[in-house]
Amino acid sequence: MADGRLVIDGKYYNTLDIDGFSRMMKDPSYCYKFYWLEAIVQLISENRCEATYDEIINEMIANAWYSVLEFHIHLSGLWGDGEIKDNLERAVLKLKKLSELPANATKIEIKNATAQFDKQLHGEKQALTLNVPYKALSGFANKSGERISLDSSAGRMIIYYNKLSANDILLPYTFGAETGLKRRLIFHDAWMQMIKDNTVNILGWIQCEKVKWLQNNNPEVPGLIYKLAPLDEKMRKLAHVRKLWDGILDMRSVTDVFTDEAIDKQKYEVDHFIPWSFVMNDELWNLMPMDSALNSAKNNRLPDWNDFFIRFARNQYVMYEMIHEKDGIRKLYEACYKDNLHSIWANQELYRGGNSDVEFYGILEKNMRPVYDSARRQGYDVWEKRLAG
């Protein structure tokens with residue numbers, strides 16, 4: 001893949017319709033196409049030469065699980081009344097409710113759950129088979145010989161594509177004679193070899209196209225490219241911020257935002273006010289010291305803005321004052337530049353010298369509140385933590 005374009009070893013262009021393959025994700029109406037082809041590529045990379053609709057959809061559910069549940073990504077947006085459009089997203093949410101698996105469940109756990117609750121998921125799975133198995137092949141259609149409307153019935157499309165692959169153009173897969181979710185896709189040997197030889201490029205291309213689609217349907221979500229698969233917790237870069245707060249706590253007492261008690265230097269963690277899973281960064285303006293015992297309880301939720309923002313802002317202002325009053329704290333603050341101070345507004349407005357407490361709170365609220373509200377609209381829950389005292 002280069003600049004989002006699919007790059008395939010040139011030797012395959014002589015025997016396979018690579019242009020048709022590159023059109024398999026063109027103009028999707030829903031996000032299914034990306035997950036459908038991704039699942040097929042993954043199964044072929046595992047040396048599968050055929051798979052049922054059911055197996056492919058199970059793979060799709062597992063692949064979409066983390067984005068939908070951990071990051072609240074909408075796969076195809078919402079209807080005007082707030083109803084979820086996408087049947088894959090619905091399947092993930094329904095399985096979550098049935099299984100009670102966590103958002104960070106493993107792929108094996110998710111697939112085991114789909115087997116356990118197969119009957120309950122039948123409607124959502126069946127809906128996913130109505131168009132995508134045939135629409136995904138539309139880039140190969142009507143290039144020679146018999147022509148067909150791409151809005152034809154599933155039965156006609158199956159007959160057409162099987163005949164096309166037998167006589168004119170080899171297709172990546174043809175259809176078995178089974179019905180419903182038991183219908184098999186039979187992968188063609190030549191396509192299997194091409195996919196195995198180019199798996200990394202193909203999956204990269206699919207990911208790039210998927211990100212474009214999802215970003216368009218989730219315009220308020222930052223860092224979406226990082227929200228398609230589980231991430232290594234080591235990505236979080238909090239070491240310098242921890243040293244900064246350690247230095248502050250050595251000099252003065254700081255009140256915990258949630259407990260209203262003095263923070264114990266030996267029993268606190270640095271955490272995000274707006275969840276990291278939404279902002280996908282470790283910017284200093286969104287970080288706070290908090291009681292270690294409460295961090296896991298807060299988890300991936302938002303503190304109530306009306307109850308806790310001003311407390312958070314006061315602690316930020318404590319840090320701000322000491323940055324400008326104490327040389328040692330200033331040096332610890334400057335050590336945060338590389339990992340935690342990238343926001344232009346924070347550098348140029350929030351942490352510049354001369355802000356009164358009221359000015360500081362106003363700048364912080366002006367820039368944080370829209371991000372907080374976006375997270376709420378995206379489906380992040382508010383933590384039901386009552387004010388201390």
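Which residue in strand 3 is the bridge partner of Tyr173? The partner of Tyr173 is Phe187.

## Basis of the model

This is a predicted model, in which local features need pLDDT of at least 70, side-chain atom pairs count only at pLDDT 80 or more, and totals for chains, interfaces and linings use all residues. Residues are numbered from 1 along each chain as its sequence is written, and side-chain values use heavy atoms, with hydrogens and water left out.

## Overall architecture

The protein chain contains 18 helices and five strands; these are DSSP runs numbered from the N terminus (helices H or I, at least four residues; strands E, at least two). Its C-alpha trace spans about 80 × 45 × 35 Å along the principal axes. Of the 389 residues, 51% are buried (under 20% relative accessible area, 1.4 Å probe, protein chains only).

Strand 1 (residues 50-52) runs antiparallel to strand 3 and is joined to it by three bridges; Thr52 has Arg184 as its bridge partner. Strand 2 (residues 173-175) is likewise antiparallel to strand 3, with three bridges. Strands pair if DSSP finds at least two bridges between them.

## Packing of helices 2 and 3

The axes of helix 2 (residues 32-45) and helix 3 (residues 53-70) come within 9 Å and cross at roughly 110 degrees. These axes are lines fitted to C-alpha atoms over the stretch in contact, with angles from 0 to 180 degrees between N-to-C directions. The two helices are therefore roughly perpendicular (65 to 115 degrees).

Key. Parallel < 35°, antiparallel > 145°, perpendicular 65-115°, else oblique. Buried < 20%, exposed > 50% of the residue type's maximum accessible area, 1.4 Å probe, protein only.
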